[in-house]
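Me: Could you walk me through how to read charged pairs and buried residues in a model like this one?

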Amino acid sequence: MWGETFDDFENEECELAVAKQNLINEPVSADFTFPKLPLGIQPVDFMKTHFAETAGKSMQFRKGTTTLAFVYEPATPNDKGGIIVAVDSRASSGEYISSKSVMKILDIGDRMVATMAGGAADCQFWTRTVAKYCTLYELREKTSITVSAASKYFANVLYGYRGQGLSVGSMVAGYDKKGPQIFKVDSEGDRCQLKVCSVGSGSLNAYGILDNHYKPKMTDEEARNLGLRAIMHATYRDSGSGGVCNLCHITPTEKIRLPPMDVSKLWYEFSEELGRDIAYNPVE
């Protein structure tokens, strides 16, 4: 262009080279800044309102969820038996509800799933890592991996990252050559096998229903209603749980995912079944 000299072109080339080098190099964490928030949102006031007064220094995100699974045997020849896995669908951080439609039953194999409780990012990332390992194992060994081996690998991976801030509380449930199995795995690397299990902030409410109504032998309809009832009561009593109830039935031959059920509608259905009023109506 008119008025430019060769020195100006050399300066532009130098600046372009420096810009390319900066993009190639790894960014320095100390110099990283988040982009500005949308207009109308004050970060400090938002954090103090939803979390704590000291949220800027040490943020403690209170998470909530309810997941459960149990093994049962068929009561009649027409029933399939197997494992019932039921979860809610709310993702929350303290009082802030970030999503109402999270799928917390993640596929690991054809007849194996893992549940999410804790940090959504941690659970999704490490569950995908386990699913990849299981797929590679099946391709290499030409046979399906057992639930015990998959859960053991999951626990070993989490044990290697213990104390580094991971938040994972998962159940690995599935059907293999040994039958139906459920293993509870957490971010500390602990692993234990259970027949009836519940994880999350609403697990105590779910355990209350399971302890009262669980039977080793049930029909498929009874087992599915028990999973729905336990999740419904947990969402009604626990503020961190809610949304819809997603239910998965793992049988010896297949994995059945049932349509999501709104927990609000389930509350009215079960109340009508018990003959209980939602509110107190004084007698005149």
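Me: Is Lys255 buried, partly exposed or exposed?

Reply: Happy to start there, and keep in mind that this is a predicted model. Lys255 counts as partly exposed because its relative accessible area is 22%, and buried means under 20%. Its salt-bridge partner Asp107, with a relative accessible area of 43%, is partly exposed too.

Me: Which side chains meet in a salt bridge at 2.9 Å, N to O?

Reply: Here is the general idea: side chains of opposite charge can pair when their charged atoms come close. In this structure, the side chains of Asp107 and Lys255 do so, at 2.9 Å from N to O. The pair links distant parts of the chain, with Asp107 in strand 5 (residues 105-109) and Lys255 in strand 13, 148 residues apart.

Me: How many salt bridges does the rule give?

Reply: The count comes to six. One of them joins Lys80 and Glu254, whose closest N and O atoms are 2.8 Å apart. That pair also links distant parts of the chain: Lys80 lies in the loop between strand 1 and strand 2, Glu254 in the loop between strand 12 (244-250) and strand 13 (255-257), and 174 residues separate them. Lys80 counts as partly exposed because its relative accessibility is 39%; Glu254, at 32%, is partly exposed as well. Another salt bridge is between Lys215 and Glu222, at 3.8 Å from N to O. Salt bridges that share partners also join Asp107, Lys255 and Arg257 into one network.

Me: Which residue does UniProt list for "active site"?

Reply: The unreviewed UniProt entry lists Thr65. In the model, Thr65 lies in the loop between helix 2 (43-50) and strand 1, and it counts as buried because its relative accessibility is 6%. Its side chain is joined to that of Asp88 by a polar contact of 3.0 Å. Leaving aside neighbours within four places in sequence, the residues in contact with Thr65 include Lys104, Met116, Ser201 and Asp238.

Note on methods:
Residues numbered from 1 in each chain as written. Predicted model: local features only at pLDDT ≥ 70, side-chain atom pairs only at ≥ 80, totals over all residues. Heavy atoms only, no water. UniProt positions renumbered as here; feature names shortened; annotations may be inferred. Helix = DSSP H or I, 4+ residues; strand = E, 2+ residues; numbered from the N terminus. Buried < 20%, exposed > 50% of the residue type's maximum accessible area, 1.4 Å probe, protein only. Contact = heavy atoms within 4.5 Å. Polar contact = N/O pair within 3.5 Å; in protein donor to acceptor, adjacent residues only side chain to side chain. Salt bridge = Lys/Arg side-chain N within 4 Å of Asp/Glu carboxyl O.
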